[in-house]
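Have a go at each task before you read its solution.

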Amino acid sequence: MSDLSTIIRDEISETGPMPVARFMALALGHPQHGYYTTSDPLGTDFTTSPEISQMFGELVGAWAADVWHQIGSPVAFTLVELGPGRGTLMADALRAASGQPGFAKAARIQMVETSPVLSRVQQATLAPITEKFGYAEPEWISSVDQLADGPLIIIANEFFDALPIHQFIKTEKGWREQCVVESEGELAFAPSPTPVPGGVMLAPSLKDAPVGTITETCQAGTAIMSELCQRIANTSGAALIIDYGYTRSAAGDTLQAMRKGKFVPVLENPGKADLTAHVDFQALAECAGEGTTAHPATTQGQFLIQLGIVQRAAMLKQGATPDQTEAIDEDVRRLTDDDAMGTLFKVLAITAGRIDPAGF
Ligand code: SAH
């Protein structure tokens, strides 16, 4: 039994059934035993788009440079990444955007990261790039309330899926919060014995849902998105959110655990497997208040094709060996095809007022 499993059991026996959100927060973020606190999972447990190909980060960098022009090329702005993993996306984006005169000098870089292990990896990835292209040294912060003042250009790939979700399940007695309990020596899911507190809003369409229906909310995600939207409304800028999920809110259990590229049971070995839930892009888009616009979410495939991934691949293929050419074509396929990451992954842009973001 893992140390974290013991900690979770102890907490359950002291305070009763543990909401799924608390389980997920501990499994991913426990200060000593959390998955992200202790490991660098990229490349072993899962692979993300920027780790597949440099083209992904380069196109995101071009997107950011375009937003910067649209907000009037301010001489000072902050480029932010939420949950930057190994720092690969930011490194490729900085390299690509440095071609725009003035961009590197104007950019302050803030990396929002809670994992000490990954922060160190990001520092090592970015140091040579910032030095080479004349960017200021990046800063690391642990939460969006530490974001700098002034215009913000924010990017996040596979960040929101790692935030804790609450699950609710329809029982014979009505809606209950889905919890983790100990049953016959094992961790198991069970509905809370008490009704869902009055303050929790479930979609009206769920009123007549059949018994057994599960629905999810991600308060951590909407709280962060609302904060970003307010900051963008006040000081200008844009946020680009890329993740797997659905464009319209819908019921369903999407909580999943992954270890070494394979799905594993969610409650087995907390802290040793990646836990994620699909992102509800409608809920994120609805965070856009006065002064911001949520552009209708598109798919990753459409987004990358509109930004010119095919042309970028053609450039990279010039002078490439036949093996490299094949690899570049395969990367484009993985990032954009419907049966790979092209459709499952969605892209949402929330921007200040009149910005017309590329790729939508
Ligand atoms: N964006 C990267 C990595 C995605 S993995 C890529 O595309 O490759 C998720 C990232 O989010 C990791 O860097 C993890 O440490 C970070 N993370 C998870 N929860 C977080 C939180 N609450 N605040 C900040 N970062 C978090």
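This is a predicted model: local features need pLDDT of at least 70, side-chain atom pairs count only at pLDDT 80 or more; totals for chains, interfaces and linings use all residues.

**Exercise 1. A loop residue**

Task: Find where K260 is located, and decide whether K260 is buried or exposed.

Solution: 
- Step 1. K260 sits in the loop between β11 and β12.
- Step 2. The cut-off for exposed is over 50% relative accessible area. K260 has 59% relative accessibility, so K260 counts as exposed.
- Step 3. Look at the backbone too: K260 is not a glycine, yet its phi is positive, at about 50 degrees.
- Step 4. For a second case, turn to S73, which lies in the loop between α5 and β2. S73 is also a residue other than glycine with a positive phi, near 45 degrees. At 28% relative accessibility, S73 counts as partly exposed.

**Exercise 2. The sheet around that loop**

Task: Work out the strand order of the open sheet of three strands, and name its edge strands.

Solution: 
- Step 1. The order is β12-β11-β13, and the pairing is antiparallel.
- Step 2. An edge strand pairs on one side only, and here that applies to β12 (262-264) and β13 (274-276).
- Step 3. On average, neighbouring strands of this sheet are turned by 40 degrees against each other, direction ignored.
- Step 4. Now zoom in on one pair: β11 (residues 256-259) and β12 are joined in the antiparallel sense over three bridges. R259 has K262 in β12 as its bridge partner.

**Exercise 3. A covered strand**

Task: Find how many residues of β5 (residues 152-157) are buried, and which residues lie on each face.

Solution: 
- Step 1. Six of the six residues of β5 are buried.
- Step 2. In a regular strand the side chains alternate between the two faces of the sheet.
- Step 3. On one side of β5 are L152, I154 and A156, and on the other are I153, I155 and N157; both faces are covered.
- Step 4. Check the partners of β5. Strand β2 (residues 77-82) pairs with β5 in the parallel sense over five bridges, and V80 stands opposite I154.
- Step 5. Strand β10 (residues 237-246) also runs parallel to β5, joined by six bridges. Here I155 has L240 as its bridge partner.

**Exercise 4. Two packed helices**

Task: Describe how α6 and α8 (residues 116-133) pack, and say which residues meet.

Solution: 
- Step 1. The axes of the two helices, α6 and α8, are 9 Å apart, and the packing angle is about 10 degrees.
- Step 2. Angles under 35 degrees count as roughly parallel, and therefore α6 and α8 are roughly parallel to each other.
- Step 3. From α6, the residues T88, M90, A91, L94 and R95 meet T125, L126, I129, T130 and F133 of α8. Sorted by type, the residues of this contact are six nonpolar, three polar and one charged.
- Step 4. Eight of the ten residues of α6 (residues 88-97) are buried, so this helix is largely enclosed by the rest of the structure. Among those buried residues are L89, D92 and A97.

**Exercise 5. The nonpolar core**

Task: Find which residues touch the most other members of the largest nonpolar core, and which helix gives the most to this core.

Solution: 
- Step 1. Of the 72 residues in this core, W63, L82, F160, M225, L240 and I241 touch the most other members.
- Step 2. Helix α5 (residues 54-70) gives the most, with nine residues.

Notes
Residues are numbered from 1 along each chain as its sequence is written. Side-chain values use heavy atoms; hydrogens and water are left out. Buried means under 20% relative accessible area, exposed over 50%, partly exposed in between (1.4 Å probe, protein chains only). Helices (H or I, at least four residues) and strands (E, at least two) are DSSP runs, numbered from the N terminus. Two strands pair if DSSP finds at least two bridges between them. Axes are lines fitted to C-alpha atoms, for helices over the stretch in contact, and angles run from 0 to 180 degrees between N-to-C directions. Angles under 35 degrees count as roughly parallel, over 145 as roughly antiparallel, 65 to 115 as roughly perpendicular and the rest as oblique. Contact means heavy atoms within 4.5 Å. Ala, Val, Leu, Ile, Met, Phe, Trp, Tyr, Cys and Pro count as nonpolar, Asp, Glu, Lys and Arg as charged, and the others, Gly among them, as polar. A nonpolar core is a set of buried Ala, Val, Leu, Ile, Met, Phe, Trp, Tyr and Cys residues joined through side-chain atoms within 4.5 Å.
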